[in-house]
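This briefing sets out selected features of the structure shown below, grouped by topic.

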Amino acid sequence: MIKRAFDSTAVKSIFNLTNLLFITVLWAAFMESNFKLQPPWAYVVILILFEAIFNFKIIKKSKPLKNLLDLYSIIFAFFLLWDLGSKQFHVLHYTLLPPPQNVFYIFTQDYSVMINGFFQSMCLILVGVVSGMLLGIITGLFVGWYPRLREAVTPVINVIASIPALVYAPYLVVVMPTFKIASVTIIFMGIYPPTTMNMISNVQGVDKKLIDTARSLNLNNRGILLKALLPACAIPLLGSLRIRIATAFMILIMAETIGATAGLGYYVKRWAAWADYPKVFAGVILIGVVVVGINGLIHLFETKAIKWIEPHQ
Amino acid sequence: MSKIQLENVSFSYQQSGDFSYALEDVNFEINEGEFVCFIGPSGCGKSTLITLMEGLNFPSKGKVVIDGNPVSGPGTDRCVVFQHYSLFSWLTAKKNIVFGIKQAQAGISTKKAEEIAHEYLEKVGLADFGGKYPYQLSGGMQQRVAIARALASDADIMLMDEPFGAIDTRNRMLLQDLILRLCENEKKKRTVVFITHDVEEAIYLADRIFYMEPKKIKLDITVDFGSNRERAKVFGSERFLSIRNNLVSMFYDGIDSEAVAL
């Protein structure tokens, strides 16, 4: 009985729809078409990478087999439809819908420009997010703790935070001496007010019993702020970090389409203007990968830094 | 000499407008080393009394005097255990205690504080749980850590606001025995103010019981079971039954008239 059950899982993990799709998508990658194709090797490497991750996860049993089959079937089916749609069915003209091999080929050609753009963008995002969040946390901590300050400042911050930071972009790009300073300022404007608002309500939401405990442990005001309120707000703060970085990314990419000379958003914008859509597609994929990577890093940081709540899988 | 003294204390949470007192003209004295229980229906002002003694609130009228000085805020001579686990969730059990010790004894070295913390974790039977975070401990264990933190701070006065109120019966018994044992075997005899709404708990633990009715103290009962109490002996004694019946009938008086009103 047990041996048969084992065999059927083993068989399923090799002969399944996902692997069938993988073979098909590989075959499609080497198909010719009536327009100029780039060498498919970069694309094939990506496909093999997905297949390798798929098999690795089956062996590791990190998820139920059927979920893995579903997920990777969708991925391969997506590539297959894209490839056939472009090369065989000509859904759109091939300049508008380039086949995946032409798009992934760009990464082998433009990687130095891309890496440079990545660092340019990340640098601006980091400066903007770190300064905006640090100042927002400090302001929110003080404003949230002192009722008089809170009553006075909260309405003002509410108004400022409700203005989308992007509306400052056309103005700041002109006023600021360099594009870098302008975009850091815009990101800061998109991060600081919501962080402050968030922090004010976090501090207000801290259980009064915790503050009583802190006071009965003879903490003074400074001690309460730093040793009780700040750690008590750490979890919602880390939770908001992901949203903040996503916001910063959106702001920067938009800002880069206005006045930059390098960066991830600039790359997309520039080649869209030249109607070089393989490069546009490549740029979009790169941005997606970077955002997913950053989210992964934040998640890793959360699990390493916060050990005092129940880990949830 | 009396350790804690309340003179004509009235207290209201609102300071202006149309307000009523949570406590009105309360007077009592607690002697050094006494274990005093405050008991009474909810809303009678028991917890308010603790906040006044701790210095988290100040009387609207009258004064709270500890060791001859009026209370001007929380101090290292007093420590508190609240009903709801008042541990810092971001510190391990041991670090919570170390934090308390460092706050109480400025300038103490971390190493020394850790030694003391470990000693008190042993006393409450949690020597192996020092590295655990509060979420990894049961409610009873968390409360034991809170008690250890309070004891380790070496304060003369322990203020306990329904510390076992949210704990199941079995653990509650264990904790009652623990607190009796710890308070008796310490080098110095601590003064304990303990709030509860459990009549039997009060009799078992206290040297003196204050029965409270809304806003004031109605009765001051001396419980003379002495030290090294044994649960079975205390609970089986005539004296226990008479105090218990007395207190229960006090509680019941209120219920009776409310039932009639309904």
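Two residues are in contact if their C-beta atoms, placed from the backbone, lie within 7 Å. By that criterion, and not counting residues up to four places away in sequence, B:Ile97 touches B:Ala117, B:Tyr120, B:Leu121, B:Val145, B:Ala148, B:Arg149 and B:Ala152. The model is predicted: local features need pLDDT of at least 70, side-chain atom pairs count only at pLDDT 80 or more, and totals for chains, interfaces and linings use all residues. Residues are numbered from 1 along each chain as its sequence is written, while chains are lettered from A and ligands numbered from 1 in the order in which they are written.

**Nonpolar cores**

- A nonpolar core is a set of buried Ala, Val, Leu, Ile, Met, Phe, Trp, Tyr and Cys residues joined through C-beta atoms within 7 Å; buried denotes 20 or more other C-beta atoms within 10 Å of a residue's own, exposed 12 or fewer, and partly exposed in between.
- The largest such core has 73 residues, and B:Ile97, B:Phe194 and B:Ala206 have the most contacts inside it.
- Helix α4 (residues 139–152) of chain B gives the most to this core, with seven residues.
- A second, separate core of 65 residues includes A:Val184, A:Met189, A:Tyr192 and A:Cys233.

- Helices are DSSP runs (H or I, at least four residues) numbered from the N terminus, and the expected span is 1.5 Å times one less than the number of residues.
- Helix α4 (residues 65–87) of chain A has 23 residues and should span 33 Å, which agrees with the 32 Å between its end C-alpha atoms.
- The buried residues of α4(A), among them A:Leu68, A:Tyr72 and A:Phe76, pack against α2 (17–29), α3 (41–60) and α5 (100–145) of chain A.
- In α5(A), which has 46 residues, the end C-alpha atoms are only 55 Å apart, short of the 68 Å that a straight helix would reach.
- α5(A) bends by about 80° at A:Asp110, the bend being the angle between axes fitted to the seven residues ending there and the seven starting there.

**Domains of chain A**

- An automatic or database assignment divides chain A into domain 1 (2–97) and domain 2 (111–305).
- The C-alpha centres of these two domains lie 37 Å apart.

**Interface between the chains**

- On chain B, 16 residues are in contact with 14 residues of chain A.
- Helix α2 (residues 93–104) of chain B supplies the largest share of the chain B side, three residues.

**A:Lys269**

- A:Lys269, found in helix α12 (residues 264–273) of chain A, is partly exposed because 18 other C-beta atoms lie within 10 Å.
- Leaving aside neighbours within four places in sequence, A:Lys269 is in contact with A:Glu256 and A:Thr257.

Notes
Helix = DSSP H or I, 4+ residues; strand = E, 2+ residues; numbered from the N terminus.
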